[in-house]
Amino acid sequence: MRIAELNGIWTAANVRTNEQYRARVPGFIQKDLMEQGALPNEYDTLFEPKIEWVEHDDWVYTRTFELDGEQLRSQALELVFEGIDTFAEVSLNGTVLGRTENMFISYRFDIRGIAQAKNELSVRIFSPTETMKEKEKAFGESLFLWNGISPRLFGRKAQYGYGWDWGARVATVGIHKAVRVESYEGVRGEHLGYRIVSIAEDKAIIAAKHKVVSALGESTEADFVCRLYDGDFIVAEKSERVRLAPGERVYEASLEIADPKLWYPAGHGAQPLYRLEAEVRTSAASCESACTVGLRDVQIRMPYDEQGRKFLIVVNGIEILCKGVNWIPLKLFPNLDTAEEYRTEIEDIAAANMNMIRVWGGGTYENHDFFAECDRLGIMVWQDFMFACGDYPDDDAFCELVRREADFVIDEFGYHPSIVLWCGNNENQFFIERSRKKRKHGFGEKLYFDVLKEACRRDTLRPYWPTSPYTLTFDDSRYEGDYGDMHSWYVWGQTHPYEEYREVNGRFLSEFGMQSYPSALVLDKVDPDADLRDPKFDAMQKAPNGIQRLFYYTVGDYRLPADKNDFVYVNQLMQANALRFGVEHWVSRMPDTSGALIWQWSDLWPSISWALVDYGKVKKPSYFYMKRTFQSPNVIAKIEPGQDEADLFVVHDRGDFSGKVKAEFYDLATDSVVRSEEREVSGLGYRSTAIGKLNVAGFDAATTVVFVSLLSAGGEVLARQAYLLGKPRQLKLKPANVQVASRPLDNGDTAITLTTDVFAKDVGVLNVPGALSDNFFDLRAGETREIVLKGSLPEGAELRAISLNGIRTIGYV
């Protein structure tokens with residue numbers, strides 16, 4: 001096969017104005033216009049009404065390309081678009097090749113007899129908003145939704161583009177994936193995959209599946225050869241003689257693997273990856289394909305218990321405590337992320353002791369580079385199909401469009417072992433229930449319980465879950481939390497105190513979160529002189545009543561700082577406190593609760609949001625709090641203000657544990673430990689173990705910090721957690737002289753040393769983007785802590801240490 005890449009610079013013309021612009025493919029016209037200064041970029045946070053006109057216009061992308069005689073004489077000559085956003089008409093040399101209507105799938109056009117030596121390629125992209133308005137009008141029934149505009153429900157397009165409660169409205173238009181011309185003789189292969197027939201300790205059997213398209217005019221004999229490699233070594237091979245018929249056909253071959261190496265989630269074993277190669281050879285032509293193979297067994301088990309039914313994701317027989325985050329696209333412009341960008345993000349997730357990412361259903365299916373990193377690092381992927389927060393049409397045409405999308409997505413990405421679950425949508429059970437009150441079947445019910453379910457039935461590598469959350473029943477909310485997965489939004493969403501997290505005993509928390517401001521690094525790029533109620537900052541808050549809620553939660557934990565940046569610091573600490581309070585409760589319930597996935601990992605514009613990592617790639621305190629909470633083994637003390645006793649737990653989700661727990665009561669007035677106790681602990685693996693009570697009575701919440709440490713049998717400190725007996729605002733902290741210094745390491749990283757003369761609360765370095773090994777921790781008097789920054793400090797960055805001790809507050813509150 002010969003490939004002529006058509007990526008690069010095209011011309012994009014606005015049909016209404018006839019103005020022409022340079023346009024990059026893959027890319028989006030809004031991004032091009034921002035880079036050329038024709039539109040403001042996202043740091044003008046009031047940019048939405050200034051750029052909205054783009055989505056209402058039609059745009060024509062054009063370019064020329066040449067083909068040589070050999071290509072033109074090929075038996076097959078095809079123009080391939082891996083992705084167009086969204087509604088487009090494709091023409092070559094004045095001949096219309098066809099139309100596109102789904103940004104999530106690829107399109108392929110036969111150009112034999114149309115292509116010439118010199119060619120003019122034209123792609124007219126119709127206004128997505130106006131097109132979907134027409135579809136909505138033709139449907140004839142109003143549909144209900146949260147976020148964005150109702151026409152978005154009628155297009156297979158990234159839903160977040162019409163604005164969400166954390167994102168700006170940028171309804172993208174463009175050719176967002178690669179374009180190429182393929183010429184070949186005879187045959188081509190696509191979507192090589194496999195199913196696992198059986199796995200045993202001494203032997204595994206997989207069935208390789210290869211879709212082959214023959215451009216030959218008649219049937220012919222062919223050799224179908226499959227090889228499975230472990231590194232450079234062939235561990236299984238099969239060759240069969242097949243009859244190759246014209247058109248498309250799927251061929252299978254069984255491969256037997258001796259002493260198979262199993263793929264495990266991070267923390268539970270290694271992630272060996274085999275390489276499957278398939279070749280189809282005729283006397284005149286051949287084609288080759290390759291994909292990754294990860295051998296593992298994945299199930300959802302829901303055994304009954306006294307509460308209801310557990311929700312367990314079981315990999316290779318291990319009940320996994322799923323610890324992780326919800327993933328939205330990294331940028332306003334989806335699918336343009338590089339392999340290096342994915343690697344950085346997912347390595348940071350793994351470094352935080354997380355093992356699962358839920359790819360949220362309002363974004364996009366990420367690129368192969370994303371899944372490849374998850375494969376490599378053992379990060380499980382809960383993969384939603386792209387439906388979120390609304391009624392979706394269920395007419396035959398839309399159902400068929402969705403069926404084609406599901407078939408494509410499963411074929412395209414299904415070989416990645418990291419994908420452990422397909423899920424039908426995000427939060428649409430509510431919409432099904434609501435619409436069932438006026439029609440027999442709720443909007444979307446046919447999509448999630450029929451179309452997608454049937455499409456996923458043929459994928460035996462992972463289970464299907466119809467909607468998130470899903471309580472296994474409709475029309476009876478009393479089951480919420482007792483069955484299935486749960487999105488817990490009483491805290492924040494209904495402004496309940498975050499202490500109520502401990503009243504939430506869901507079986508799998510697939511969404512929950514607390515907001516905070518981004519770092520000063522981001523705020524200063526928007527406007528360094530603006531106060532926090534400036535319209536530029538208000539525009540960054542998309543959640544209803546979000547600013548009011550942020551202040552409500554923050555003043556519940558802290559006195560009001562007198563300085564803007566100090567308020568951001570304590571506001572971010574509040575987010576960390578809230579998440580820690582909830583996550584500690586849920587992981588302490590393992591396996592009765594088996595998952596805690598935080599909303600959300602990162603920001604895709606300068607947002608005030610639930611993210612752990614802001615748009616400037618600065619990790620908030622909540623990232624480091626979660627890193628310490630998710631570590632294994634770990635010790636948790638469920639201390640609550642006003643309670644004389646705290647429940648102690650050891651969480652050891654990787655295996656059995658035997659060691660010691662040490663509790664130290666540290667007095668802030670004297671900077672000394674005034675009481676210490678130690679106890680032997682042990683427990684079975686893959687769960688948490690209650691190890692009794694810790695008596696905290698008689699200690700002053702204003703002057704006491706409780707350090708609880710987990711020690712190995714040999715005395716090594718495996719984990720140390722610091723707890724307050726009340727709220728941080730109650731603490732009587734001394735002025736602290738926190739010193740910070742840095743030095744380069746031989747490997748190119750940077751060591752940062754923090755030390756203090758008295759106890760210092762939540763010591764950290766501010767506004768440092770990148771991967772820090774730790775940050776925002778408590779230091780005892782005289783203690784020194786060294787942390788490591790991957791790479792060097794950014795140019796112009798100044799190390800500034802901060803602690804709660806040094807925050808000047810308003811005197812009358």
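This note goes through several parts of a predicted model, point by point.

1. The UniProt record, an unreviewed entry, places "domain: Beta-mannosidase-like galactose-binding" on residues 10-177. In the model that span is 18% helix and 32% strand, and its end C-alpha atoms lie 13 Å apart. The UniProt record also gives "domain: Beta-mannosidase Ig-fold", again from an unreviewed entry, for residues 735-791. Residues 735-791 are 0% helix and 47% strand, with 32 Å between the end C-alpha atoms.

2. Helix 6 and helix 7. Helix 6 covers residues 339-351 and helix 7 covers residues 368-377; their axes are 9 Å apart and the packing angle is about 35°. The crossing of the two helices is right-handed. From helix 6, the residues in the contact are A339, Y342, R343, I346, E347 and A350, while helix 7 supplies D369, F370, E373, C374, R376 and L377. Sorted by class, the contact of helix 6 with helix 7 has seven nonpolar and five charged residues, and no polar ones. As background to such spacing along a chain, an α-helix has 3.6 residues a turn, so residues three or four places apart point the same way.

3. Helix 8 and helix 10. Helix 8 (residues 396-413) crosses helix 10 (residues 445-457) at roughly 35°, and the two axes come within 9 Å. This crossing, too, is listed by hand: helix 8 and helix 10 cross in the right-handed sense. On the helix 8 side, the contact involves D396, F398, C399, V402, R403, A406, D407 and I410; on the helix 10 side, K446, L447, V451, L452, A455 and C456. The contact of helix 8 with helix 10 divides into 10 nonpolar and four charged residues, with no polar ones.

4. Y392. This residue sits in the loop between strand 25 (380-384) and helix 8. Is Y392 buried or exposed? Y392 has a relative accessible area of 0%, so it counts as buried. Leaving out residues up to four places away in sequence, Y392 touches L143, R152, L153, R156, Q159, F387, F398, N428, F443, G444, L447 and Y448. Two of these neighbours return from the previous point: F398 belongs to the helix 8 side of the helix contact and L447 to the helix 10 side. L143, R152, L153, R156 and Q159, also among the neighbours of Y392, have numbers inside the annotated span of residues 10-177. By contrast, Y392 and S682, which are 290 residues apart in sequence, have C-alpha atoms 51 Å apart.

5. Strand 31 pairs with strand 32 (residues 645-652) over five bridges. In that strand, V650 is the bridge partner of V635.

6. Helix 15. Which residues of helix 15 are buried? They are P621, S622, Y623, F624, Y625, M626, K627, R628 and T629. That makes nine of the nine residues of helix 15 (residues 621-629), so the helix is largely enclosed by the rest of the structure.

Key
Residues are numbered from 1 along each chain as its sequence is written. This is a predicted model: local features need pLDDT of at least 70, side-chain atom pairs count only at pLDDT 80 or more; totals for chains, interfaces and linings use all residues. Side-chain values use heavy atoms; hydrogens and water are left out. Axes are lines fitted to C-alpha atoms, for helices over the stretch in contact, and angles run from 0 to 180 degrees between N-to-C directions. Helices (H or I, at least four residues) and strands (E, at least two) are DSSP runs, numbered from the N terminus. A crossing is left-handed if the near helix is turned anticlockwise from the far one by less than a right angle, and right-handed if clockwise. Contact means heavy atoms within 4.5 Å. Ala, Val, Leu, Ile, Met, Phe, Trp, Tyr, Cys and Pro count as nonpolar, Asp, Glu, Lys and Arg as charged, and the others, Gly among them, as polar. Two strands pair if DSSP finds at least two bridges between them. UniProt positions are given in the numbering used here, feature names are shortened, and annotations may be inferred rather than shown by experiment. Buried means under 20% relative accessible area, exposed over 50%, partly exposed in between (1.4 Å probe, protein chains only).
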